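Dear colleague,

Please find below the structure that I am handing over to you, with its sequence. My notes on the findings follow it.

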Amino acid sequence: MLKINNLHVAVGGTEIIKGLDLEVGSGELHAIMGPNGSGKSTLGYALVGRDGYAVTEGSVEFEGRDLLELEIEQRAAAGVFLALQYPVEIPGVNNAYFLRAALNAQRKARGEDEVDSIDFLKSVREQLKILKMDESLLKRAVNEGFSGGEKKRNEIVQLAVLEPKLAILDETDSGLDIDALKLVAEGVNRLRDSQRSFIVITHYQRLLDYLKPDRIHVLSDGRIVESGDASLAERLEREGYAFLDATEA
Amino acid sequence: MSALMEKLVPDTQAPDDGGFGLARRKALKVLMQHGFPQRKTEHWKYTPLALLEKRALQGPIAQQGERPPAPPALPFATGLVHLHNGVLDPDRSDLPSGVTLVAMLPEDIHFSELDDSGPAHAFAWLNIARFAEAWRIGVEPGLECRLAVVMSFDDGFSGVVHPRLKLELGEAATVTLVESQQGRGEGLCNRVFDIELATRSRLTHGIERASAGAAMIDRTVIDVGRDADYRAYVLDGGGPLTRQDLIVNLGHANAHGSICGVAILHDRSLVDYHTAIEHRVGPSTSAEDFRILADDQAVGVFNGRIHILPGADDSHSTMNTGNLLLSENARINTKPELEIHAEDVTASHGATIGQLDDLARFYLRSRGLDDNQAISLLKYGFAAAVFDELPEGDLRDWMIEQLRKRL
């Protein structure tokens, strides 16, 4: 589904990603871990095309298409979704309106019909129920006045409604209490199928205990320096990132 | 005599019509003495009155004898007062039982609070000196009703008109007043609107305006009675010259006044808003939230004053003005003012001027909206917040619909 080859990304003239290679197959869930400042969030932003995250070298192929040629919204319509580490507040725009506008914009871009209002509301309410969020959220402005946990869960509601093919979760587990973490993990697990892939950026093994990733990668100084199965996360939890220095030495 | 004086007051004789002569003579005297505001006149420095000097204004419009075109329809049933080119259209004005429309009497014209020591209130004096028609709308006590005052103009309108209106709400009346003003042509409409709320009355006042040509200078003064409640919701698209003075007098205990408004400005349009909430007696409460979105080469001005006078103890007030600059060539001048001379009061104010948040724009695009949709949604979110307090219903729906059309 996703093939990243020798990716270099600069922010404000400083190279953050320095030659990253990654392949994610259909239905796979990959976790990316790594110390602060290693480039994890930069990778997420670069994949969805945020301005200021300049790809200076390398390629990204998504379902056979050159992802880097697409505008931000075209990438969304193609099926790439980034759950932000710090979801943005949009005062004055209620969640239901925003979600429906986003869904219809994507469907229109794909040549599909607009979603029926009743079906839409039904689908959103179902997702809210799964994530134990109050229906009043639909009338509230996007993320405005939400607690940290509500914002993160709201990202998963969006993910569930928009049904992307590739979801990148940027530290969605940070700031969540144990119950909220379980809810988010359950929300993600419900969405897993053979056609949908995930890249989960996290610092902690506890989310991965619920998600059971297919592969775990360690990002350091803009490159993937270690890849492995679930046991790699356990090792990081035990030893931290100190072993990276030993490896590089 | 200045060029503007020659254009707007070519005849210094005051007609002694129906007992208005005294007021008209006084008004002309003030005008002759102080003239019109100049750029150095503090509260008029951003109002481009030079535009009026350039226009070939034709003086008062005579009725042509032709029936004016129908006013723009409102999507809900309401009693209607229609002014076309500043003149009452009696055929299309229709008010419900319990609401009267009569010509004003001399005692309806109040000018004791107008400044006669300088040019600051020159246009209000001009209105007194030159109004051709003055109408008083009365709402009987206890009545609940919905009214509309619609002002329309011909494309060929090039006159100077000075409509004058007064709305009186009887005790415990509850009124929703919708004003729609669509300026056209190249003339000047210099209106004065006095509103009086008797004890325990309530007025929800929606104001929607845009001018494709006519200069609009408007002074609306609201006197709020004991336990009465006034709430204005403004949507202004501006025009070549749109000047609004909106004064809310809280002169009785437990009076409340609020002004929530948004100006959406494009091209070279201009809006100059001067609001004043006068707490004269306590306890009283007020709130103000005014926002300007200026694009292209538009100019937005907001001067909001909250004045808590001596003795108005236990008054509480909040004011917020938020502004979005949407182009490098747009300009916004905003100035919140608080003046407090009483005890046990709370008063707060805030003012911001900014641009669209790039991160929010990215966030919306990352969910599939294109850049134009994202910008439009962010503008909508910023602007629509002023209507949050407007109760759900068809007035709110209509205001929101008009807002969407302008974004």
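The residues lining the largest cavity comprise five nonpolar, two polar and five charged. In this classification, Ala, Val, Leu, Ile, Met, Phe, Trp, Tyr, Cys and Pro count as nonpolar, Asp, Glu, Lys and Arg as charged, and the others, Gly among them, as polar. Please note that this is a predicted model, in which local features need pLDDT of at least 70, side-chain atom pairs count only at pLDDT 80 or more, and totals for chains, interfaces and linings use all residues. Residues are numbered from 1 along each chain as its sequence is written, chains are lettered from A and ligands numbered from 1 in the order in which they are written, and side-chain values use heavy atoms, with hydrogens and water left out.

Cavities

Two cavities of 30 Å³ or more were found in a search of the whole structure. A cavity is a set of points, on a 1 Å grid over the protein atoms alone, where a 1.4 Å probe fits but cannot get out; lining residues have an atom within 4 Å of a point. Grid points are joined across faces, edges and corners, and a volume is the space filled by probe spheres set on the points.

The largest cavity has a volume of about 90 Å³, and its lining includes Trp44(B), His121(B), Arg191(B), Asp218(B) and Asp245(B). Strand 11 of chain B gives the largest share of this lining, three residues. Helices (H or I, at least four residues) and strands (E, at least two) are DSSP runs, numbered from the N terminus.

For the second largest cavity, the volume is about 40 Å³. Among the residues that line it are Gln127(A), Ile156(A), Gly187(A) and Arg190(A). Helix 6 of chain A supplies the largest share, three residues.

The sheet of chain B

In chain B, ten strands form an open sheet of mixed pairing, in the order 2-1-5-8-10-12-14-16-18-20; two strands pair if DSSP finds at least two bridges between them. Strand 2 (87-88) and strand 20 (346-354) of chain B are at the edges with a single partner strand each, so one side of each has no neighbour in the sheet. Strand 10 (residues 202-211) and strand 12 (residues 229-236) of chain B run parallel and are joined by eight bridges. Glu208(B) has Leu235(B), in strand 12 of chain B, as its bridge partner.

Yours sincerely

How values were computed: 1 Å grid on protein atoms, 1.4 Å probe; cavity = no way out; pocket = protein on both sides within 12 Å on 5 of 7 lines; lining within 4 Å.
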